Each structure stands twice: as structure tokens, then as C-alpha cells.
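Student: I would like to learn how to read a strand and a pocket in a model. Please take them one at a time.

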Amino acid sequence: MKSMKLTATALALLLLVLDHAMAQGGLKKNLATTKPAKPAQCCDEVRSLKVQVANLSSMLEEMNKKQESDLMKVVRQMMELEKHNQQHEARVTEAESKYSEIYNQLEIMQLQAAQSAPQQSTSDAIYDCASLYSRSYKISGEYKLPKDDFLGTPELNVYCDMENNGGGWTVIQRRKIGLTSFDRDWKQYKNGFGTIRGDFWLGNEHIFRLTRQPTVLRIELEDWEGKTRYAEYGFFTVSNEMNSYKLFIANYSGNAGDSLRYHNNTNFSTNNKDNDKCVDNCAQLRHGGYWYNCCTDSNLNGVFYRYGSHTKNPDGISWYGWHGQHYSLKRVEMKIRPQSFVP
């Protein structure tokens, strides 16, 4: 009986201990799981900002892609325009060449026949376009002047203007297409360069020989609006190479302004031979060969800039008396004939 009472008491104590332990465990669990909750509003704002940032990043990426695409389109369009310009210039040159060949074939054949005849005196010699004109060659175009031992002149291809302002003009320079660079050295300017039907410089040595007789120089100018002007000098001569092909001009007339007078009595200069009257090398600054003083009132052998006005250095094909130093002309032609010529 006593044993049973002890057992009951022990059970009661065990139950109390278990109940207390369970109560303590539940409290700890509640303490462990109970944490302060973040405000729901803060989380919503963060999510909204993240969405806005993602949208802005996507928009910037799309804009960059569109700008790159537009830039590539512009580049392609510029390349196409340049390609079309080159093709157009090539067609113009080809058409000009065919025109000259068609309309001058008969004259060239007649000239070749004349070349086979013996040259006895200066009155019989063919040494420029004026002498051809006096032999009834009246069509403008390319001719071959024969070698003449009596005058000491070599065979030379020239372009003759037989129709304008009385005819008989030997063209010594032309700018109209823009594919030929005139930034050349001394030797090239001495012997000449370019194509007779296009842009060319006849050559200082040839100009010297052609101007040993009293000569008239005519300069014809055209701007990009189609307007024309001219300057004519009743006296024009060029010295020999020993005197650096020095220029002498006088007796201006015309409506372009006397923009060659500043270059009178000056030596010829090129990018590798500085003969100007300036500290700087004008030929290098103006990118051409010319009778530079210090430096220019005209620059007919300068850079061919399309469409006239340009904001770069004053190195274009300029004639200050007409359009000033920052306008590059569309077309220039320099031509000569003897003072004694009579149409």
C-alpha cells in the first residue's frame, strides 16, 4: 500500500515536470518566431523603383541601337553619294573625250599631214594655236604641235580655243573637273601634268618657249552660280628656269579685277622649291604651284573645293578681286596668243 502511494506521488511529480517543460518550450518557440515585420509600403516602393530602373535601361539601350542604325544609314548614304559623284564625273570626262575625238579627227589628220612638210622658216613654222589658226584650223580641240629644230621647240600636245574671243588661243591651264591634284613638285610643273581635255598645267618650260614673242594672256573664271568673269593682260611673259620662271605682266583689262598684279615680277614656287617673298612657304600653305608673292591675291592652282565657299585655309582656286579668299571657283582657263595675232 505504501509502495502504491509512492508511485502515485512520483507520477504526479513527473507530470508536473513535463507540463512545465512543455510550457517553457512553447514560450521559446513563440519568442523565436516572433520578429518585427517590415512595413509593406517600403517593399512596394523598392519594387517600383527597380521596375522603373529596368524600364529606363531598356529605353536607353533601344535609343543607342537606333542612333547606331541611323548613323550607319547616313554613312551609307554619303558613300552612295560619293560613288554617284565619281561615276558622274567619269561619264562627263568620257563624254568630253568622245566629243573632242569626233569633232577634231579631221583637223588632227590635216595637222599630221602638215607636219610631214619641211619647215624652212619661222613664217612657215607651227609653234602655237595662232599659227594653226592662220592655216585655217578653225575648230577648237586637241592638236599636236610638231617638233621644230629651227625654233628649238619639241613636239607638244596642246588644246586650242579657235572659236572664242577671236580664236587662236593656246590653253596653258584649266580647272573644271577637280580630279587632278595641283599640289605638285618643281619637275612636274616644269614639264606639265594632267590631261589636255580635262584639268592640266601645260608646263613652265613650254610656257616659257611660247612667250618668247610678245604675248597676250586671258584668264576666264566661272563661279558655282554660273556667272563668268575675265581678266586679260596685254603683256605676258615667263622667264627661263635659271630665273625661276619669273612672271611679268602688264596692261590689265576685264571685269574680274586685277588679282594677278600682286604676283607680277615674282618667281614660280612649288611645294619643294620655295621662291616666294615670304618667310612662310606659300606653295605648301596654298597647296599648289604658282607665282606666289607673300602669299596671294589669286591662287588659280589651289585646291578644288566643290560648291564655292569654304571655311578652311585660303587655299582654294581663288581670285580675290571677284569672290575673295574663301571662295573656290568652279572653272578656270588660262590661255595665250601672240600680240600680233589678227583673227
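Tutor: We take the strand, then the pocket. This is a predicted model, in which local features need pLDDT of at least 70, side-chain atom pairs count only at pLDDT 80 or more, and totals for chains, interfaces and linings use all residues. Residues are numbered from 1 along each chain as its sequence is written, and side-chain values use heavy atoms, with hydrogens and water left out.

Student: How many residues of strand β6 are buried?

Tutor: Strands are DSSP runs (E, at least two residues), numbered from the N terminus, and buried means under 20% relative accessible area (1.4 Å probe, protein chains only). In β6, residues 215-222, eight of eight are buried. T215, L217, I219 and L221 lie on one side, and V216, R218, E220 and E222 on the other.

Student: Which strands pair with β6?

Tutor: Two strands pair if DSSP finds at least two bridges between them. β6 runs antiparallel to β11 (residues 331-338), with eight bridges; there, L221 has V332 as its bridge partner. Six bridges join β6 to β7 (residues 228-238), also antiparallel, and L217 stands opposite Y233. Five residues separate β6 and β7 in a hairpin, and G226 in the turn has a positive phi of about 85°.

Student: What lines the second largest pocket?

Tutor: Rolling a probe the size of a water molecule over the atoms shows where empty space is left. A pocket is an open set of points on a 1 Å grid over the protein atoms alone, where a 1.4 Å probe fits, with protein on both sides within 12 Å along at least five of seven lines; lining residues have an atom within 4 Å of a point. The second largest pocket holds about 320 Å³, the space filled by probe spheres set on the points, which are joined across faces, edges and corners. It has 12 lining residues, of which H88, E89, K176, I177 and R306 are the closest to its centre. The lining has five nonpolar, two polar and five charged residues, where Ala, Val, Leu, Ile, Met, Phe, Trp, Tyr, Cys and Pro count as nonpolar, Asp, Glu, Lys and Arg as charged, and the others, Gly among them, as polar.

Terms used. Buried < 20%, exposed > 50% of the residue type's maximum accessible area, 1.4 Å probe, protein only. Helix = DSSP H or I, 4+ residues; strand = E, 2+ residues; numbered from the N terminus.
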